[in-house]
Amino acid sequence: MCGIVGYIGEEQAAPFLLSGLEKLEYRGYDSAGLCLNDGGTLVVKKSKGKLTELKTLTHNGSSLHGTVGIGHTRWATHGEPSDVNAHPHLSESGRFAVVHNGIIENYLPLKEKLMDKGITFRSNTDTEVIAQLIEYYYQGDLMDTIIKVLSRLDGSYALGVLSKDNPDEIIAVRKESPLIIGLGEHENFIASDIPAILSKTRKIYRLENDEIAVIKRDGVSVFNTDKEPVQKEYETIEWDIHAAEKGGYEHFMFKEIMEQPKAIHDTISPRIKDGRVVLNEISLTAEQIRSFRKINILACGSAYHVGVVAKYIFEKILRIPTEADLASEFRYRDPIVDDKTLTVVISQSGETADTKEAMKEAKRRGSHVISIVNVLGSAIAKESDDVIYTLAGPEIAVATTKAYSTQLAVIYLMAIYFGDLLGKITDTEYQNYLSELLMIPDKIQQILDNSENVQYLASQLFHADDVFFIGRNIDYALSLEGSLKLKEISYIHSEAYAAGELKHGTISLIEKGTLVIALATHEELIGKIVSNMKEVQARGAYVLCLATERHQELKDVAQNTIFIPPTCDMMLPSLAVIPLQLFAYYVASQKGCDIDKPRNLAKSVTVE
Ligand code: F6R
């Protein structure tokens with residue numbers, strides 16, 4: 001997630017902008033930049049890498065003059081991390097400068113239109129389109145121009161805009177991406193988040209969707225897109241800086257759990273156009289896709305668990321044999337892979353050593369590789385044939401949540417896209433899948449808004465020493481993730497088991513009071529999992545069952561139940577994983593564990 005800071009006042013702006021950007025480092029970034037209005041000229045300095053690079057370049061800001069400026073830390077979504085792609089972006093003549101957090105979904109047609117008019121672009125970003133559009137439409141009134149530009153943009157944005165002609169103001173706008181305005185004495189601020197300005201003020205306005213703020217030294221005016229003034233109430237921030245970084249939550253993991261509706265929305269919406277899934281990232285022709293005899297999924301940890309879900313989905317919908325392979329095993333077992341095998345590599349970081357090496361092995365054997373990656377320009381993204389980016393934003397907590405969820409969303413998009421190309425799904429099925437997919441973010445929000453039950457259950461069950469997660473079919477795939485989430489952050493021993501496999505050994509571990517979490521969302525096999533619940537209850541287990549609201553009767557079977565809204569079978573893991581993440585979180589919190597940095601674990605595993 002990008003970070004924005006802006007300053008207008010009586011002091012030199014650049015040193016403050018740098019310190020504000022430092023406070024936003026937790027959001028993750030790959031490059032940074034500043035733009036100052038220096039006596040009527042917009043001066044930009046930017047650099048790839050850490051903020052220290054930008055500090056060196058600007059002598060800690062001292063070599064950049066001016067008391068009005070904007071700064072930005074960029075988390076790449078369009079165009080690789082580089083000096084050129086870093087923000088701020090200038091319009092062609094250098095008259096306007098823009099910093100942006102969010103995604104402009106229709107930037108390509110806009111860019112093509114402007115290029116047809118002879119406008120030259122410098123970067124590969126979606127953001128530059130905004131700067132160029134402002135200059136293109138500008139006829140002397142900046143507010144009118146910005147309103148016009150906003151009406152052309154689809155997507156999400158928080159923007160800070162500087163204009164050479166209006167040297168004593170910053171314009172700020174937001175839609176779906178956060179932006180606050182800090183209120184000082186003869187100085188005012190904008191920022192993506194509160195920590196950036198806490199050293200200067202605790203009085204803020206929160207900008208709402210489609211509000212436009214004109215920020216001057218001695219005042220801030222806010223308007224709607226009809227240019228009517230909006231009366232804002234200011235808020236006084238009581239949080240300390242550490243709480244503020246986490247948006248008021250105690251842990252990044254919780255913040256990231258809460259961000260999932262948006263992360264999924266951001267990942268799917270640019271890829272659904274006029275009721276069709278558009279995966280321009282995939283370079284394969286329909287004929288090539290038809291020629292695949294097998295799909296091989298390579299990944300580690302939670303990303304591998306997404307692969308196991310994908311196996312059930314791809315085999316059911318595409319009728320292509322699919323293997324989910326642990327990357328660390330695949331590398332060393334002389335796998336049967338050739339040009340008739342499609343390889344799908346899944347990795348949040350795009351840098352996991354085992355996954356990267358397994359991918360290279362698959363390529364060496366002639367396989368076409370599609371990767372699903374969160375970090376733009378990462379090694380796996382660069383080396384795969386095609387890359388579909390999840391747009392989850394940076395994930396800080398070691399235990400993945402929103403990356404897992406967005407990876408699943410990409411799997412659904414692929415299943416629908418390939419299913420259609422291969423003629424395996426009817427038009428009605430296609431439309432049903434799409435409408436279910438579009439409803440997933442709201443349904444997750446509903447689960448998040450009603451999670452007290454999960455918190456209560458965690459407070460009752462956190463003493464467990466051993467936990468078994470059981471499920472069948474896609475619920476088994478999900479049980480792998482539920483179990484990993486719980487054990488990695490709470491240090492409670494837990495196992496995921498295919499429910500039908502229990503009686504072949506593991507059931508001997510069930511004794512009085514053992515906690516068994518039974519996943520019973522998969523409609524076709526409810527009867528079977530009910531038998532497994534009874535089987536373990538007969539041996540003394542305490543069963544917590546997770547099911548869809550359609551199956552209220554399961555209340556009479558399990559000691560406790562958690563319900564989720566229904567959706568189509570293939571997308572159930574997206575809803576069912578939420579209570580499992582929350583359960584793991586609340587249990588770990590009850591136990592006082594170091595939730596964001598569990599012992600012995602690293603976020604990016606770049607060694608074998
Ligand atoms: C678990 C978790 C890990 C990662 C695994 C792969 O919560 O986060 O299991 O899923 O280390 O990492 P990436 O996706 O970066 O390749």
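Domain 1 (3–238) and domain 2 (242–448) both contribute residues to the lining of the largest pocket, so this pocket lies between them. Keep in mind as you look around that this is a predicted model. The largest pocket holds about 1,100 Å³ of space. To find its centre on your screen, go to M1, E176, P178, E259 and K262, which are the closest to it of the 46 lining residues.

Next, look at the elements around that space. Those that give two or more residues to the lining of the largest pocket are β6 (96–104), β7 (155–163), β8 (170–175), α7 (252–258) and α8 (260–268). Of these, α8 supplies the largest share, five residues.

Now move on to the second largest pocket, where you will find about 640 Å³ of space. Its lining is made up of 25 residues, and T77, H78, Y107, R271 and E281 are the closest to the centre. Two or more lining residues come from each of β6, α3 (107–116), α13 (379–383) and β21 (386–389). The element that gives the most to the second largest pocket is α3, with three residues.

Here, too, you can trace the lining back to the domains: domain 1 (3–238) and domain 2 (242–448) each provide at least three residues to the second largest pocket. Sorted by class, the residues lining the second largest pocket are 12 nonpolar, seven polar and six charged.

Definitions and conventions. Residues numbered from 1 in each chain as written. Predicted model: local features only at pLDDT ≥ 70, side-chain atom pairs only at ≥ 80, totals over all residues. Heavy atoms only, no water. 1 Å grid on protein atoms, 1.4 Å probe; cavity = no way out; pocket = protein on both sides within 12 Å on 5 of 7 lines; lining within 4 Å. Points joined across faces, edges and corners; volume = space filled by probe spheres on them. Helix = DSSP H or I, 4+ residues; strand = E, 2+ residues; numbered from the N terminus. Domains from an automatic or database assignment. Nonpolar A, V, L, I, M, F, W, Y, C, P; charged D, E, K, R; others polar.
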